[in-house]
Amino acid sequence: AKAADAVMFGRKDIFKQMSYVLGNRPVYHQRSERFIFYEEPKKMWKMGESAVLGKPSLYTSRITDVYSPDMAVWMGDSGKIQVLGLDGEEVPKGWRPGLKVKEVEDGWKDPDFPHSNDSIGTKAEGKYEQNRWLRALGLHARPTLFADLEPADACQGIVDNCWLISAMCAVAEFPSYIKNNLFVTKKVSKDGKYQVKLFDGRSN
């Protein structure tokens, strides 16, 4: 059996699979120092502030022997708690609200900008609880790298990078310059990796 790469607990908190196991099952960790693990003596999954057998827990599943926490039944004070298994892109399995997304090969991932809330910050994480990381090839069979470029294409979100977005908007007034001088990669990349040239105006 294969456990989920990560799980979303209660439609909000994301726990990522760690490298060690308890009860022959993976342990999951969240940034707020909470853990999901399987307590084999009690035959149940637990969520608590430490991954230690016998310690008090915040939530527990019903008695089960399933390999992954998203397959267990979790109960809280107000009823059943939804626990969803996530794939490598942290998209809930089978969760496709509002968009038709095609399954595509797992492409390149930037180690300095991971496909997770770590890249967008806690401020954005709280505002966009259902954010998703998708590849262009999963949204359209034949995506286009360059179409009709204009400054409005660069959108400022909640990430504090307005200095970069404003520069992109200014350069977008000259679409041919972007195509011919900034992008080394000229076509849609199947693995999602693009090479671009950025310039520091303070240097010579």
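Where is the place of I63? I looked it up and found I63 in the loop between β6 (59-61) and β7 (74-76). I note at the start that this is a predicted model.

**Entry 1, I63.** I checked the accessible area of I63. I63 has a relative accessible area of 67%, so I put it down as exposed, the cut-off being over 50%. I then listed its contacts, leaving out residues up to four places away in sequence: I63 touches K42, K43 and M44. For K42 I also took the spacing. I63 and K42 lie 21 residues apart in sequence, and their C-alpha atoms are 7.4 Å apart in space.

I counted the secondary structure next. The protein chain has four helices and nine strands. Read from the N terminus, the order of elements is β-β-β-β-β-β-β-β-β-α-α-α-α. I noted the burial: of the 204 residues in the protein chain, 29% are buried. The accessible surface of the chain is about 13,600 Å², and carbon and sulfur atoms hold 53% of that. I also looked at the contacts with a separation of 6 or more; 42% of them in the protein chain are between residues 24 or more positions apart.

I traced the strand order. Nine strands make an open sheet, in the order β8-β7-β6-β5-β4-β3-β2-β1-β9, with antiparallel pairing. The edges are β8 (79-81) and β9 (83-86), each of which pairs on one side only. On average, neighbouring strands of this sheet are turned by 30° against each other, with direction ignored.

**Entry 4, β3 and its neighbours.** Is β3 largely enclosed by the rest of the structure, or largely open? Five of its six residues are buried, so I recorded β3 as largely enclosed by the rest of the structure.

On one pairing, strand β2 (residues 13-22) runs antiparallel to β3 and is joined to it by four bridges. Across this pairing I found V21 opposite P26 of β3. The two strands form a hairpin with two residues between them. In that turn, G23 has a positive phi of about 60°.

On the other pairing, β3 is joined by three bridges to strand β4 (residues 34-39), again antiparallel. I wrote down two bridge partners in β4: I36 for Y28, and F35 for H29. In a regular strand, side chains alternate between the two faces of the sheet. β3 and β4 also form a hairpin, here with three residues between them. E33 in this turn has a positive phi of about 60°.

Which residues form a nonpolar patch on the surface? I found F174, Y177 and F199, with about 380 Å² of accessible area together. I followed up F174. F174 is placed in the loop between α3 (162-171) and α4 (175-182). Its relative accessible area is 56%, so F174 counts as exposed under the cut-off of over 50%.

**Entry 6, summary of what I kept.** Strand β3 went in with five of six residues buried, and with a hairpin to β2 and a hairpin to β4.

Conventions
Residues numbered from 1 in each chain as written. Predicted model: local features only at pLDDT ≥ 70, side-chain atom pairs only at ≥ 80, totals over all residues. Heavy atoms only, no water. Patch = residues over 30% accessible without salt bridge, like charges linked within 9 Å, V, L, I, M, F, W, Y side chains within 5 Å. Areas by Shrake-Rupley, 256 points an atom, 1.4 Å probe, with all protein chains shown as cover. Salt bridge = Lys/Arg side-chain N within 4 Å of Asp/Glu carboxyl O. Buried < 20%, exposed > 50% of the residue type's maximum accessible area, 1.4 Å probe, protein only. Pairing = 2+ DSSP bridges. Axes fitted to C-alpha atoms, helices over the stretch in contact; angles between N-to-C directions. Contact = heavy atoms within 4.5 Å.
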